Amino acid sequence: MAKESSAKSGSSKGAQNKTDQTKNKSSGSSSESQKQKSQTSSASGINYNDTHWSWGVFLLILVLGVGTRFYKVEEPDHVCWDETHFGKMGSWYINRTFFFDVHPPLGKMMIGAFGYLTGYNGTFPFESPGQKYNETKYVGMRVCCTALGSMLVPLTYLTVWEMTESTSAACLAAAFILFDVGLLTLTQYILLDPILLFFISGSVYTSVKFYTYRNTPFTFVWWTWLVLSGVFIACAISVKFVGLFTVLYIGFRTIYELWEILGDLTKPITYTMKHFIARAMCLIALPIALYVTFFYIHLAVLNRSGNGDGFYSSAFQSQLIGNPLYNASMPREVAYGAMISLKSQRTGGGYLHSHWHLYPEGVGAKQQQITTYAHKDDNNKWIIKKFDEPAPKLDNKSAPIELIKNGDLIRLEHIVTKRNLHTHRIPAPVTKKQWQVTGYGENGTGDANDVWRIEVLGGKPGDHINVVSSRLRFFHQLQNCILSGTGKQLPKWAYEQMEVSCSPNHRDVRKSTYWNIEENHFPRLPNVSFQVHAPNFIEKLVESHTIMFEGNAGLKPKEGEVTSRPWQWPINYRGQYFSGSTYRIYLLGNPIIWWANLALLPLFAVIYIYHAWKEQRGYEENVDIKAARDKTVTVCGWLFVGWALHYLPFYTMGRVLYFHHYFPALLFSSMLSAVIIDYFIRLLISTVSFLKDNGFFHVMYGLTLSTVAYSFYLFAPLSYGTSGPLAVEENSTMHGLKWLDSWEF
């Protein structure tokens, strides 16, 4: 007991005097750690932590990273995998054409800028994977994405070196990134992933580097690394929302740093507050400002109408050049006989739509389909008329003009097919607890199930209906249900458009039951400019995010698309084809590295528990061994947190997931594996005397590096491209490497 108390008392005093032990970055390591390093150096014959040696290794790593990534970067000369999406979006930035995507804009803006600066004119259609580029200048976009991807290797080296001050650990970590064929494949194409991974790696490195200057706060270099950290996390979350996990990781590190500062009893509380304010400015305010700036640029550049207009509100669309609502003028109020379009106010909701096709046999009544459709179309247009009279002719100037009022009974006639909006007590195709909505009748003549009561949210009886600003609900007069754009996707027989139903739940106040009139054609009423509905930037920003979040959550796999579940990723269960033609490219992790990472994760847990047990019991042990284990547990603890934050949240997501979502977590697990391997090699050298002078260090590191390098040599054709027979055939160059039946190369 006395021994344990003494140990705990000593650790308490050590915590109080911790910040006085060193005055600059170079003196951050303990004397015990320095002894261990010198022992390892003498054992190997080389001082692996010498500055010149470390920078020499770094330059070698940099050259290898660039060389392996840029090799065959122009091949194949056709569209690969998601280049069909992100190359197309880059083209739209060049052409300033508006589109909808579930990701923030920075990565796509950078792809567009890469293409523009390297001579690409934005005209290639990027229609589908396998499409030949021919004379298109696509290589510049690939090269720029690859350049960022190649920086993962040196950034990993620098990050681990700053965390451990071990050149051997940093070299191992960089090698695991360098020789991973999955990372090689993912960073050679026109994709968001190399950009995202670069900013994630940069965020981690700048945060770690900033921490090394903790003993020289508020100096120029301290501020520089703090600001850079804020810039990188802003860029990470501006490429994909996965960057939010990186923001959380940096946030946890920041809380830990502030907790350390608060524990320094030699400094007043105001000193801690100064640190908090500095970090709040650079890691909260600055990233938010940059993120909003990127969106401002995005919305300013994409000012022309495109195929994404329909996902946004009528007011938003009115600001897009070429959209029917841009500089449009139309009557503010709606009269009987007007030709209108109705837009669902559900986030990303489309237009009330119909076409000649009928519901198929076995799907309710075999009547005309009613859907919502996100794009502009003549099939979105309806005539609004009284429930008991035909619609007045628009060119009949003698007919009285009668404005529609809140509470009126109406019919909606589809202009193209001349059928009325109709419902009955038959379950809807997807939402079975609601009623089917159809198009019914001939030449505008139907039955009593075509009658709807129009109501304005917050309106008084007799209030007129206004374009855009009136939020409308349509109550069916007989079935007593509410017209609803559910947002559920219909099968291919409805061209995968969205379901429209009639909800019997009157307390359903979701946006799916609200509509607004967007187009209003009635030449006998005076027109007003649509500009009165124009939203400001903040309103556009909020609407964009609402639509992006809902779109992201609602992503579903396309027919025949290869998806995966999070449990499959760490075990490298199944890869993903990038090019499936005669020139095949297959995204798959290096199995030696991935399975080693998987094995070393639980080993870290064992080390952590063993370390915590010894600390709690206060055991006396060799000072050098304890110092090495302390540092290893601290470094690996942070890397484990990074891996968990970038991996475990995917188990909670309902959206479609893909194999490439694991690669940010892979960066952390690869660094963790390198630190653990380095720790055990050094531990053996320190504890087994005969290993110190017989080249054990060289043998173990040489064996580790040669194993991952050889495995890279074996599996590199998956990244650089293969042709000929598949791996299952004996005459294939990859025969014998299909170690799992689930691998498809």
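This is a short tour of a predicted model, stop by stop.

**Confidence colouring**

Start by colouring the protein chain by pLDDT. The average over the chain is 86, and 91% of the residues reach at least 70. Now select residues 1–46. Here pLDDT stays under 50. For this stretch the model has 55 contacts beyond four places in sequence.

**Val63**

Next, select residues 51–70, which form helix 3, and pick out Val63 within helix 3. Is Val63 buried or exposed? Its relative accessibility is 57%, and because exposed means over 50%, Val63 counts as exposed.

**Helix 8 and helix 18**

Move on to a pair of helices: select residues 167–178 for helix 8 and residues 663–687 for helix 18. Two packed helices are described by the angle between their axes and the distance between those axes. Helix 8 and helix 18 pack at about 140°, and their axes are 8 Å apart. Helix 8 is therefore oblique to helix 18. The crossing of the two helices is right-handed.

To see the contact itself, show side chains. On helix 8, select Ser168, Ala169, Leu172, Ala173, Phe176 and Ile177. On helix 18, the residues that make the contact include Leu667, Met671, Ala674, Ile677, Asp678 and Arg682. Which kinds of residue make up the contact of helix 8 with helix 18? There are 9 nonpolar, 3 polar and 2 charged residues in the contact.

Key: Residues numbered from 1 in each chain as written. Predicted model: local features only at pLDDT ≥ 70, side-chain atom pairs only at ≥ 80, totals over all residues. Heavy atoms only, no water. Helix = DSSP H or I, 4+ residues; strand = E, 2+ residues; numbered from the N terminus. Buried < 20%, exposed > 50% of the residue type's maximum accessible area, 1.4 Å probe, protein only. pLDDT = per-residue confidence, 0-100. Contact = heavy atoms within 4.5 Å. Axes fitted to C-alpha atoms, helices over the stretch in contact; angles between N-to-C directions. Parallel < 35°, antiparallel > 145°, perpendicular 65-115°, else oblique. Left-handed = near helix turned anticlockwise from the far one by under 90°. Nonpolar A, V, L, I, M, F, W, Y, C, P; charged D, E, K, R; others polar.
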